[in-house]
Amino acid sequence: MTIGVVLSGDQTVGRFGRYLAEILRAEGMVDHEIVDLSDENLGGLASCDLVLVARIRPTKAQVGRLLDYAAAGGRLILVRPSPLLARTLGLVSTHTMVAPAYVRPGTASPLGSGVPQEPIETHVPADAYAPDALPDGAVTVARLQADVRTPTAFPAVVELPYGAGRVVVFTYDLPHAVALIRQGDPGRIGGHGLGAGEPYRIQDLLTGFADPRCWHLPQADIHAMLLGNAVNHLARHPQPRWWYYPTPELRSVLVLDSDDDWSAPEHFDALIDAVESHGGQVTIYLMSGTTRGTVATKERVARWRERGHSFGIHHDPSDPAYGGEDQEEILPEVVRKDVREFAEVYGGVPATNRNHCAVWKGYADLPKLYAELGIDMDLNSMNVGPSWLAYLTGSARPMRFVDADGTVIDCFQQATQAYDDLSVKELLTADPLGQAGLTRLLMEDKLDRYFSPLSMLSHPVSFATYSSTYMHRCWTSARELGMPIWSAFAWAEFTRARDAARIHDTRWEGETFSCQVTGRSPAGGLTVVLPVPLTRVHEALVDGEPARIGGLEMFGWLSVLVYVELDPGDDRTRHLSLTLHPDAS
C-alpha cells in the first residue's frame, strides 16, 4: 500500500521525473516507490494505492497497462501525458499550447478549493485540450491563463473517471515548473538582471523572469499543494505524510542566521545577547578572507558555541588577496579553501552557508560542490529589492536543488525573506515598527495558510547600529505567535532528519490505520499527518501507548497529527496505530 512514481530514466522528455518524487518527499509523502517505465514493472501497479506518472512517452502497450490499472479501480495522476496517453484517456487535443502557462485553481474540486484562487506561474508550456469535449464526469480543477489577467477556457488540472477508477491530469510539467520558479532561468546564467552591480547572484536568474505580480504568493509551494491534494483526493486510502515540524502544535518556525560582514566583538555580543533574550539561537557566518578576516577568534567562537549558537563561513571571493579575479570563476576554489581552513581552526564542516553579497556560480554549480563537501543547506536565495518580504523564489520551504538537466542535488535550498543589509537600511531606520508590522503579517500568513518557515538574517554590525528596533519587534511577534527561533544549523539538521525518516508498512484494516515509523529527530520526535478529521479519531497509539495528537485544516483537508517520539541520536522503529469512528457521512 504505497504510491508508485512511474518515470523513465532514459527519456529526455521526462528528465524531471525524479524531481517529481523529490516534491513528494519535501511534502512529507515518503511512502512512495520509484517505478522505472517498463512492461514488466507496470504489471505490479495493482498493489499501489495510487500511481503518479511523470512526463514520459510510453508505448501503446504501456499506455494500455496504465489505463487497464485505472479501469480496474486504480487511481492515476498524470503529469503532462503524452499525446497517445491523453488521446486514449479521452482528452481531445486542440494541437495548441499555452506557453508559458499560468494556472488558476478553482473551487469545483477539493483539489483546488483549499489553495489560493489566484493565477500562478509555470514558465513551461501546457497542452490545450478542448474544454467542451472533456469526457463525461470530468471536473476542471484549475484553468490555464496566458498571464495573470488573461484567462482561457482550457483546463490546467482536470479530474475524470476512467472505468472503475479515477484520473487527475496536470496538463503542464509540474516538477519542471517548480524547478524554474525556485531557481530561475538557466538561460540567464552569468548575466545580471537584478541591477545591484557585482557580484553575480542567484537573484539574477529570477529578476525579470519571475512575474512580480505573483511575488506575494509562494507559487512553487502552491503547485506542490495541488499535487498533495490530488494524492489526498484520489488515493484509495488516506495517505500518511510527515508534518513540516517536529510537534503537532508547531505551525511555523523563525530560522535565524547572521552574516559577519567584519563586525566588531561587541556587535557579536549585542546580537547574541538579544537573540537569547527571546529564547532563540543564531547561526553566524564568519568572514573568510585572508586580508579582511573575522574578529571572531577560536576562543570566542568556543564560548558562543557553549551557549548553543553555531558558526559557518561567509565566503568572500572579493577579498583583495585574490587580486581582483572574476568572483564567479574563483568561487569554487575559495569555497574549498575556506572549508578546509574552517575545519582546522574551528572544527567541523558547516551545515549551512551564505556567501558574502550572495555571490553565485552558474545554475547549480555551488549546491553540487556543497553536496560534495557535506554542506546540507544553502541560504543565498534572498528576497532583495522590490521582493522584500515576498516570495521571489516562489517558496519558503527547504527543498533539494535540481540541475538544469533534472538531476537532483543533495543540498537543500532555503530562501531568506527578511534581513537587515544596506539595501533596506533606509526602511528599517525610517519605519522600523511599520516594517516589523508587515513582517508580522507575513508570519501570520505562514501560520494560518502555508505552514512555512520564515528565514531571517541579522548582521551583527547592522543590529548594533540601525536594525535592533525592527529585529526585537519581529522576534517578539514570533514568540507571541508561537514561532520558536531556531538557528539555521538546527533547521538544516531537522530538515535532513525529517527527509531521512521513513513511514512504511502502512495498512488499513476496516477503520484502523497502522504503520511503522523509522528515523531519528534532533527535536526528539516527528509528527505524522493523516487526512482524516480529528473528530473521527477514537484512539491513537504509538507502541501501544496513547499518543499526543492535534488537528488542523491543511490546504482544505481536515487532518489529524500524531506525535511520534524518536531518539535524537539513533534510528529506531516505532509502531503507530489509529482507530477511527465510522464515517457518518
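Mentor: In the second largest pocket, the lining residues divide into 9 nonpolar, 4 polar and 5 charged, where Ala, Val, Leu, Ile, Met, Phe, Trp, Tyr, Cys and Pro count as nonpolar, Asp, Glu, Lys and Arg as charged, and the others, Gly among them, as polar. This is a predicted model, in which local features need pLDDT of at least 70 and side-chain atom pairs pLDDT 80 or more, while totals for chains, interfaces and linings use all residues. Residues are numbered from 1 along each chain as its sequence is written, and side-chain values use heavy atoms, with hydrogens and water left out.

Trainee: What makes a residue part of the lining of the second largest pocket, and which lie nearest its centre?

Mentor: A pocket is an open set of points on a 1 Å grid over the protein atoms alone, where a 1.4 Å probe fits, with protein on both sides within 12 Å along at least five of seven lines, and a lining residue has an atom within 4 Å of a point. By that rule 18 residues line the second largest pocket, and Pro 81, Ser 82, Pro 83, Asp 127 and Tyr 129 lie nearest its centre.

Trainee: Why are β1 and β2 called paired?

Mentor: Two strands (E runs in DSSP of at least two residues, numbered from the N terminus) pair if DSSP finds at least two bridges between them. Strand β1 (residues 3-7) and strand β2 (residues 32-36) have 5 bridges in the parallel sense, so they count as paired. Within this pair, Leu 7 stands opposite Asp 36 in β2.

How values were computed
Helices (H or I, at least four residues) and strands (E, at least two) are DSSP runs, numbered from the N terminus.
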